[in-house]
Amino acid sequence: MVCEMAHTVRISEDSAVLKNKTPQEKKDYIERLHKRKMAKVGNYLATSFLAHSDKRVIMVPYHFGEHYILFLVYPTDQTVVVLVPADYDKDAYMEFLCLLNLAHGRYKKRGGYVKNPSREKLYIRGHWPLDEPMRYYVCEMLRVNGRYRTEFTDLPSIPYSGSLFDQKTLINLCADLCWFIRCDICNHLGEFHDPHSELATDPKFKNLREWERQHAVD
């Protein structure tokens, strides 16, 4: 889990840390701070790749602005698939792509397996749309992994047990997803119901729309 503020620097001109510094000294200070933040996040990502090296793909939700982008990282295949909820220009998250390359390089140096050692950079595939079910799974993953954090020093280790996804958890997740679709999408009172969609206007979906009414308990 990574957010933009974890690797960027925003300091106001009247900040105490910039007091009595020349313009060049201010620039140098911000650049050093930025490099330290980049290194910290890069180490966090590299540690994550190694901790889950038994997985073919690692989901990396990235929060910037008011939105999430989901990066599917395939460490051994040296590939990143970008799933975006809107048509963002790649420049909007280019720095994070650089971070993924930095982290993957450290992953390789620490013994992480890759299929093509001669390839220096990750292969980026995007823009793939991030549909509603996938957004739900991203939010669920964030929830089960605990409270969202922006300070990576709070996460000195990533326990392997925390990544286990047993059958009971999977069944509960499917039940939550069914409830979400039935109550918040199909139901005309649901928060995400679209009254102009095919689901709301086509007669063939009438039983689905009125499921709550048909199964109401007196």
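**Helix α2.** I began with helix α2, residues 94-109, in this predicted model, and checked its length: at 1.5 Å a residue its 16 residues should span 22 Å, and the end C-alpha atoms are 23 Å apart, which agrees. The expected span is 1.5 Å times one less than the number of residues in the helix, and the helices (H or I, at least four residues) and strands (E, at least two) are DSSP runs numbered from the N terminus. I then looked up which residues of α2 are buried, and found Phe 96, Leu 97, Leu 99, Leu 100, Ala 103, His 104 and Tyr 107. Seen down the helix axis, these buried residues fall within an arc of 155°, so they line one face of α2. The arc is taken from the directions that run from the helix axis to the C-beta atoms, while buried means under 20% relative accessible area, exposed over 50%, and partly exposed in between (1.4 Å probe, protein chains only). Just after α2, I noted that Gly 111 takes a positive phi of about 100°.

**On the model.** Residues are numbered from 1 along each chain as its sequence is written, and side-chain values use heavy atoms, with hydrogens and water left out. Since the model is predicted, local features need pLDDT of at least 70 and side-chain atom pairs count only at pLDDT 80 or more, whereas totals for chains, interfaces and linings use all residues.

**Helix α1.** I made the length check again for α1, whose 29 residues should span 42 Å at 1.5 Å a residue; its end C-alpha atoms are 42 Å apart, which agrees. The buried residues of α1 include Tyr 29, Leu 33, Met 38, Val 41, Tyr 44, Leu 45 and Phe 49, and I found that the buried residues of this helix pack against β1, β2, β3 and α2.

**The cores.** I next looked up the largest nonpolar core, which has 30 residues, and in which Leu 45, Phe 71, Tyr 93, Phe 96 and Leu 100 touch the most other members. The elements that give two or more residues to this core are β1 (2-3), α1 (23-51), β2 (58-64), β3 (67-74), β4 (79-84) and α2. A nonpolar core is a set of buried Ala, Val, Leu, Ile, Met, Phe, Trp, Tyr and Cys residues joined through side-chain atoms within 4.5 Å. A second, separate core has 5 residues, among them Leu 70, Tyr 74, Val 81 and Leu 83.

**The strands.** Turning to β4, I found that 6 of its 6 residues are buried, so this strand is largely enclosed by the rest of the structure. Thr 79, Val 81 and Leu 83 point one way from β4, and Val 80, Val 82 and Val 84 point the other way. β3 and β4 pair in the antiparallel sense over 5 bridges, with Leu 70 standing opposite Leu 83 in β4; two strands pair if DSSP finds at least two bridges between them. For β2, I noted that 5 of the 7 residues are buried, so this strand too is largely enclosed by the rest of the structure. β1 and β2 pair in the parallel sense over 2 bridges, and Tyr 62 in β2 is the bridge partner of Val 2.

**The hairpin.** β3 and β4 form a hairpin with 4 residues between them. Thr 76, which lies in the loop between β3 and β4, is buried at 14%, and beyond its neighbours within four places in sequence it is in contact with Tyr 107, Tyr 113, Val 114 and Lys 115. By contrast, Asn 20, in the loop between β1 and α1, counts as exposed at 76% relative accessibility, and its phi is near 65°.

**Cysteines.** Last, I looked for disulfides (pairs of cysteine sulfur atoms within 2.5 Å), and the structure holds 0. Cys 98 is partly exposed, with a relative accessible area of 43%. The cysteine sulfur nearest to that of Cys 183 belongs to Cys 186 and is 8.9 Å away, and Cys 183 counts as buried at 15% relative accessibility.

How values were computed:
Contact means heavy atoms within 4.5 Å.
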